Amino acid sequence: MGKKINVALIGNPNTGKTSVFNQLTGLNQKVGNYPGVTVEKKEGSCKLPNGDKAHIVDLPGTYSLNATSPDEQIVTDLLLRKTKSDYPDVVLVVADIENLKRNLLLLTQIKDLNIPVILAVNMADVMQRKSISIDIKKMEEKLHTRVVLVSARKGTGIAELKQLIQDYRQLPTLSCVQFSQINPEYFEAIAKAYPEENLYRHWLNLSQISETKRIKSEPEDSAKYEFINQAELRRLQQKEVILRYLFINQLLKETYKKDVSSAKDLRSRLDRLLTHRVLGYVIFFLIMMLVFQSIYSWSSYPMDLIDSLFSQLSGWLKESLPEGSLTNLLAEGIVPGIGGIVIFVPQIAFLFFFISILEESGYLSRVVLLMDKIMRKFGLNGKSVVPLISGTACAIPAIMATRNIDDWKERLITILITPFTTCSARLPVYLIIIALVIPDQSFMGLNLQGLTLMALYLLGFLTAFFSGYLLNKILKRKSRTFFVTEMPAYKVPLLKNVGLTVWEKTKSFVVGAGKIILAISIVLWFLAAHGPGEKFRNAEENVKANYQNQMVNEDELSTAVASYKLRHSYIGIIGHAVEPVIRPLGYDWKIGIALVSSFAAREVFVGTLATVYSVGSENEETIKNRMTNEIDPVTGERIFNFPTGISLLLFYAFAMQCMSTLAIVKRETNSWKWPLAQLVFMSVFAYIVAMGAYQLLK
């Protein structure tokens with residue numbers, strides 16, 4: 001077996017690059033970050049016909065090698081640094097059958113680096129319907145590379161791609177555009193100064209540098225070529241792009257035919273409807289309402305099953321294992337803590353399922369264009385919509401996604417407001433509180449709990465927009481940028497891609513949250529199962545003394561002892577210490593424990609309550625029932641009543657409560673000033689709003 005072949009998967013955004021990656025790698029994928037940066041890196045392995053393996057890296061979407069954003073810089077850096085471990089043996093460029101003119105610019109640039117290149121023309125299954133024809137043989141001759149018609153949806157052309165990857169050494173590496181003719185004298189001087197280096201690679205290195213660059217040349221040329229200023233570099237880049245498009249236009253004129261009267265009218269009508277200045281928002285609102293209604297309706301059955309199974313598991317562990325600290329740790333700490341997160345897997349999976357469907361179909365791109373009109377009123381660019389929508393999954397990759405925003409002020413504002421959007425970590429908190437305080441009833445055929453969840457998502461977006469408006473007034477910017485996007489063709493979502501997205505996102509949520517919750521559950525159990533002083537050690541005697549003149553059964557006495565011990569445990573002491581601060585919000589000391597611990601990650605709130613309410617419990621009652629029946633000993637009312645529930649929902653809607661997000665903000669802004677300001681503002685704002693809501697509703 002030969003060495004593993006490095007393959008770089010490159011293409012413009014919305015060309016179906018990820019679909020091709022999924023077809024090549026299947027489930028043999030892993031997600032990480034590029035070394036030194038916080039941009040997501042997808043890589044996988046592919047088995048070739050001869051048994052060898054190809055290591056495939058799915059690079060961020062880019063329009064050219066003239067990088068203008070950190071995402072694009074990653075692509076350029078990889079192709080320019082031969083010493084990198086991921087430096088490609090062969091580049092697979094993915095292009096869209098309907099956007100070849102724009103897509104081929106990138107291919108002609110890569111060809112000038114003399115790297116073996118394969119062109120995969122994706123969405124070939126629409127050729128007949130769109131009356132498109134391509135002269136593949138002539139295109140290959142002009143481009144000096146192999147061209148494969150691919151349908152990632154149907155899997156056609158994938159076998160041919162694997163064969164070409166295997167035989168990459170036989171691919172031609174000739175250039176297809178003589179870019180040096182834009183200024184022959186200038187490039188001759190560069191070639192003379194660096195005879196051992198690829199001319200275009202050196203030119204790209206030179207054009208990526210912002211300050212002046214000295215060129216080592218012969219004495220007679222030094223006066224003319226000693227310094228290259230940035231303005232001249234930009235002019236040469238523009239000439240290069242024009243030259244490449246002249247070549248591409250002529251190429252497509254000879255090899256690409258399309259009947260413009262084909263079924264394009266349907267797409268135009270749909271675009272006019274979905275991006276309409278009034279109907280577009282109504283349709284988007286109705287789709288989101290359907291999504292949230294479905295999340296509640298469809299996921300209730302598996303959630304009830306999971307809740308019951310974890311409750312039974314805790315009871316079974318207590319009955320089957322010998323009494324002791326290990327049994328209590330498992331039954332009262334670890335199992336309830338993890339169960340408090342696993343129960344929300346169905347709803348999170350459904351959320352990602354719908355988001356993936358909307359993205360795969362091409363509708364989400366229309367939403368971005370539609371929302372750009374609103375974003376401009378708040379001083380933002382349409383590109384800011386992408387991080388805000390991505391924030392519904394997680395604020396961390398959403399903040400990373402701001403790297404495609406060129407203007408620093410717009411990027412900073414987007415970073416600061418993105419945590420207001422409702423992420424999947426808030427979802428478990430919302431779901432358990434809504435289930436406790438909002439009746440499971442319908443209004444005009446719509447589930448009230450689903451409407452409440454949708455209202456919280458809308459509240460997050462509205463708060464983000466309002467915050468952006470304020471920041472836009474506070475932070476003065478010197479220039480305005482413009483939003484340019486493309487509308488991909490409408491597609492029937494590919495179930496394989498949807499399934500992989502749901503699997504990866506759900507697994508990432510469960511594994512990421514599970515690690516934190518497992519550690520915190522163990523710590524919380526220890527703090528709840530141990531305590532200082534005589535009151536904790538003599539809990540049973542003290543409780544019996546209080547009940548000595550009353551008739552109580554064994555269960556009531558056991559519950560009273562457990563409650564007494566918890567109150568005087570280490571965690572009870574911590575909870576009571578913070579209780580005076582949170583009492584105006586309607587929270588008791590147990591909720592205070594959950595608030596403190598959930599700063600590690602919002603979803604820990606539910607796991608913490610599950611652990612706290614499980615300590616000392618002998619029955620199999622579910623976490624929801626325990627929280628429902630919790631009574632405030634001071635007022636005699638339910639702890640989780642309507643005012644307290646609304647207060648909690650609003651607190652988590654606005655509070656930061658995520659140290660990982662703070663770390664990412666620090667890294668992206670390269671300063672502690674912005675994340676600390678963000679933490680203080682969001683926490684104070686959340687406290688004031690939650691307190692106001694509770695005081696008005698109680």
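Guide: Welcome! Buried means under 20% relative accessible area, exposed over 50%, and partly exposed in between (1.4 Å probe, protein chains only). This is a predicted model, where local features need pLDDT of at least 70, side-chain atom pairs count only at pLDDT 80 or more, and totals for chains, interfaces and linings use all residues. Residues are numbered from 1 along each chain as its sequence is written, and side-chain values use heavy atoms, with hydrogens and water left out.

Visitor: What percentage of the residues of the protein chain count as buried?
Guide: The protein chain has 30 helices and eleven strands (DSSP runs: H or I, at least four residues, for helices; E, at least two, for strands). Of its 698 residues, the buried part is 54%.

Visitor: Against which elements do the buried residues of α5 pack?
Guide: Helix α5 runs over residues 158–166, and its buried residues are I158, L161, L164, I165 and Q166. With contact taken as heavy atoms within 4.5 Å, these buried residues pack against β1 (5–11), α1 (17–25), β4 (53–58), β5 (90–96), β6 (117–122) and β8 (146–149).

Visitor: What arc do the buried residues of α4 cover around the axis?
Guide: In α4 (residues 136–143), the buried residues are M139, E140 and L143. An α-helix has 3.6 residues a turn, so residues three or four places apart point the same way. Those buried residues therefore share one side of α4, as the arc they cover (taken from axis-to-C-beta directions) is only 100°.

Visitor: How are α18 and α19 oriented to each other?
Guide: Helices α18 (residues 426–437) and α19 (residues 448–474) have axes 10 Å apart, at an angle of about 140°. The contact brings L427, Y430, L431, I434 and A435 of α18 to Q449, T452, L453, L456 and Y457 of α19. Angles under 35 degrees count as roughly parallel, over 145 as roughly antiparallel, 65 to 115 as roughly perpendicular and the rest as oblique. The two helices α18 and α19 are therefore oblique.

Visitor: How are α28 and α30 oriented to each other?
Guide: On its way past α30 (residues 673–697), α28 has its axis within 8 Å and crosses at roughly 165°. Among the residues that meet are F642, I646 and F651 of α28, and F685, Y687 and V689 of α30. The contact has 15 nonpolar, two polar and no charged residues. The angle makes α28 and α30 roughly antiparallel.

Visitor: What is the C-alpha to C-alpha distance between W408 and T669?
Guide: W408 sits in helix α17 (residues 408–417) and is partly exposed, with a relative accessible area of 37%. Leaving aside neighbours within four places in sequence, W408 is in contact with E668 and T669. W408 and T669 are 261 residues apart in sequence, while their C-alpha atoms are separated in space by 9.6 Å.

Technical notes:
Axes are lines fitted to C-alpha atoms, for helices over the stretch in contact, and angles run from 0 to 180 degrees between N-to-C directions. Ala, Val, Leu, Ile, Met, Phe, Trp, Tyr, Cys and Pro count as nonpolar, Asp, Glu, Lys and Arg as charged, and the others, Gly among them, as polar.
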